[in-house]
Amino acid sequence: MNRRTFGLLAATSVAAIVAGCSPSKFKTYNGPEVTSIVVNKAARKMYLLHNEQILREYEFELGFAPVGDKQIEGDGKTPEGTYIIDRRNPNSQFHLSLGISYPNAQDFAEARALGKKPGGDIFIHGQPNAFKARRKSLGDDWTWGCIAVTNREIEEIYAMVRNGTVITIRP
């Protein structure tokens, strides 16, 4: 074997080892089904439930103006009410994200009555990819209305929660 072939083989082997060692953001979950999510904004607690049983509990950060129900685009509030997890984004700019079905018909009507748009793109997500944060290091309540957890937590939530899961967001 010549030097060039040996060097190429060595580089390929090292790359394969490094790739095999890098942790994946896609986790697996084999426990009880998450039948609902309850978010208590004031207490900053989110619960993943299987019927009445709490499977997991998380703390989180909210929109930059967290008190009150989201009414219009750009208000910095997190919506309140009952929604559905309706989409997944594995390539989110916030590590991973689960979409919340805001706005619903009532949200549209409330914004229209104010002569405004209701906004959208409300998610449960991790930290911004630019920071590669593993902890909540950005300060409290910095999103535009989303529910932000740590990257490690969104990996777990993303694995546990399926599209179609009911999410209730309380004041």
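Strands are DSSP runs of E with at least two residues, numbered from the N terminus. The exercises below use a predicted model.

**Exercise 1.** Find which strand holds Ser36, and decide whether Ser36 is buried or exposed.

*Solution.* Step 1: Ser36 belongs to strand β1, which covers residues 36-40. Step 2: buried means under 20% relative accessible area. Step 3: the relative accessibility of Ser36 is 17%, so Ser36 counts as buried. Step 4: leaving aside residues up to four places away in sequence, Ser36 touches Tyr47, Leu48, Leu49, Thr165 and Val166.

**Exercise 2.** Classify the ring pair of Tyr83 and Tyr102.

*Solution.* Step 1: two aromatic rings are described by the distance of their centres and the angle of their planes. Step 2: the count of aromatic pairs comes to 4. Step 3: for Tyr83 and Tyr102 the centres are 6.0 Å apart and the planes stand at 65 degrees; because planes over 60 degrees apart count as edge-to-face, this pair is edge-to-face. Step 4: Tyr83 sits in strand β4 (residues 81-89) and Tyr102 in the loop between β5 (97-100) and α2 (105-113), so the pair links distant parts of the chain, 19 residues apart. Step 5: both Tyr83 and Tyr102 are buried.

**Exercise 3.** Classify the ring pair of Phe94 and Trp142.

*Solution.* Step 1: their ring centres lie 5.9 Å apart with planes at 40 degrees, so the pair is tilted. Step 2: Phe94 is in the loop between β4 and β5, and Trp142 in the loop between β6 (122-125) and β7 (147-148), so the pair ties together parts 48 residues apart in sequence. Step 3: Phe94 has a relative accessible area of 22% and is therefore partly exposed.

Technical notes
Residues are numbered from 1 along each chain as its sequence is written. This is a predicted model: local features need pLDDT of at least 70, side-chain atom pairs count only at pLDDT 80 or more; totals for chains, interfaces and linings use all residues. Side-chain values use heavy atoms; hydrogens and water are left out. Helices (H or I, at least four residues) and strands (E, at least two) are DSSP runs, numbered from the N terminus. Buried means under 20% relative accessible area, exposed over 50%, partly exposed in between (1.4 Å probe, protein chains only). Contact means heavy atoms within 4.5 Å. Rings of Phe, Tyr and Trp (its six-membered ring) pair if their centres lie within 6.5 Å; planes under 30 degrees apart count as stacked, over 60 as edge-to-face and the rest as tilted.
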